[in-house]
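Have the sequence and the 3D view open as you read.

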Amino acid sequence: MVFAVAIAAIASACGTSKPGSTFPAPDGGGSSGGDDTTGDGSVINFGDSGMQHDSGGGTQPPKGCDSSCPAAGGTCTNNSCILTENPGGVSSTVQGQLQAGGSGDSTFAWQYPYDKTVFPRGLISPTMQFAGVAPSAIYVHITCASLDYNGYFSPTAAGPIRLALPAATWTAITNAASGPTDPLVVQVTKIAGGSVAGPISESWPIAQGSLRGTIYYETYGSALAGGLGSVGIMEIQPGAKQPTVLKKGCGNVCHTASADGSTLVAATSLLGSAAYDLQTNVSTINAAANEHYTYGGLYPDGTFEMSATHYRTWISAPSRLYDTKTETNIPALGWDSVITNGGTTAFSPDGKQIAFVHEDENPRTIAAMDFSVGNHSFSNLVDIATDPSNSLAWPAFTPDGKWVIFQEEPSSSGAAFETDGGNHGDLYFTEVASKTVARLDSVDGYTGSGTQATYLPASDPDLSFAPTVLPEAVGGYFWIVFTSHRSYGNTLASMAPGNDGTADELGQLWVAAFDLSPTAGHDASHPAFYLDGQEQTADNLRGFWVLPPCEQNGGACTTGDQCCNGFCRPDGDGGPLECVSPPGGCSNEYELCTTAADCCNTSDQCINGRCAQPAAQ
């Protein structure tokens, strides 16, 4: 069965269409053609949601009121941002009615985002989506200790209720928020035919940092890659309005990328694969007349990879270590004589561990081993997650190497590890040390542990697949990107069909925060948010999140993780920030460290060799 599924996957990439959905793109990014205008005449559109211009890399604006507030038209009063705008031209009389609230529409309810979603800075404003009678005006009131925002909007088109805040407004709002102890309280009220409904309220904690890096994902039916029947690998940065085509054409799927953003490996055809240099315009490093690179687990610096077996590949050779440039087999002490078949292999961001499907044992087990790069040796084989009735796959380490996120899918599904075609799956995590496993209830859409009850508006949990993790901590959290076929508010239906009518053919990428210091066996995740900018009329899956290639000394930077030597400081004359050699003394956030004692901020942690904000509280 696995053999048949693997062939079908590559065969589809060489001609069989896997189209996207016919649903319109919402206001706020995600249109197939990249046009900044939004809506199609069937959607109630409010405001705009252009790309944010955060400093990137987790740089933290001061808590309270900063320059982004007056830039958005607000004022700073007692270190609070006071911001009122009326882009909808709502009259003062109607404003008063909205402020007074009412109960005129019992169907008025949030559909997206979800309550308690953790948002980082530096993203496109989320497109708020609601059920209910179409309004003539909407009032948005957002508060936290250092913010009082009042916005009045009128629809520009008929249809489902969707609202995205102006770009400058969203930047000012997220910069004013000070973290999970003081979340944004978002209250929305509407009026229709003189009848007022609301406010309905949610709270959104704002992580004190901006996500960066690149997400590489495979796509089917992308308008940018050629439309119906097209396949390819795309790249998108958090906050971007649309993706860029990286590779397209027959077989260019089934990829992984190195944590440092230097290297990508992928299939090229039914019987071929290749390695690419992401630092030199995706030039080919090596092309192989076999599947050694297909879904190979790359070492963090991309110099070698552990080939994957069985899932999405059908090589007769065992899983082995290969030099990325030459495809030369590297003898691996402790692996070659122990492991034959390792599925969906993945190194930890620090390169000291590897996780994989322990296929020699059964496809229902995730195993891990220690790795020493000096002599390419593996040791301490241990099964860290096993389920007697479900298939496990796609392990991904957190940046500290202590936890592994993975997908669990019923073995009764039509094809193991598939993300569409009516298949179901949830994300789980396990502690490497204790081998304690728990479901990521909040990510998957459940209300709590041990229950199938869901908070998702379309009641469609267990549609989460193929996780990866950003290889650094940002804003007091780790960050998971995964594929889901759940509904996206009132924009995309649950398990949406493709353009040819085939059911459940429209996966999309979602992102969720994961606590830095979880308790083993207890959910440490938060509700996910939709990754704006991706094409909503394409099937997008297997987002592989990596850091951008580092800058050499003298290169421009905002934080030390952008620098090959690990430090970003003002130049010798106190000028702009640039990458420098280790300057001595303590390390700022995102700069190199060996232990937490190396960090200038005494509350910082040292995670994967970088100073990081402490766990969000």
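## A buried tyrosine pair

Y112 is buried, with a relative accessible area of 1% (buried means under 20%, exposed over 50%, partly exposed in between, using a 1.4 Å probe and protein chains only). Y114 is buried too, at 5%.

This is a predicted model, where local features need pLDDT of at least 70, side-chain atom pairs count only at pLDDT 80 or more, and totals for chains, interfaces and linings use all residues. Residues are numbered from 1 along each chain as its sequence is written, and side-chain values use heavy atoms, leaving out hydrogens and water.

## Rings that meet

How many aromatic pairs does a search of the whole structure find? The count is 30. Rings of Phe, Tyr and Trp (its six-membered ring) pair if their centres lie within 6.5 Å; planes under 30 degrees apart are stacked, over 60 edge-to-face, and the rest tilted. Y112 and Y114 make an edge-to-face pair, 5.9 Å centre to centre with 80° between the planes.

W510 and Y530 have ring centres 5.6 Å apart and planes at 80°, so this pair is edge-to-face. W510 lies in strand β33 (residues 508-515) and Y530 in strand β34 (residues 529-530), so the pair ties together parts 20 residues apart in sequence. Strands here are DSSP runs (E, at least two residues), numbered from the N terminus.

## A cluster and a charge

F108, W110, F119, F130, W170, W204 and F529 form one aromatic cluster. The charged end of K190 sits over the ring of F108, 5.3 Å from its centre (NZ of Lys or CZ of Arg must be within 6 Å of the ring centre and within 35 degrees of the ring normal).

Notes. Helices (H or I, at least four residues) and strands (E, at least two) are DSSP runs, numbered from the N terminus.
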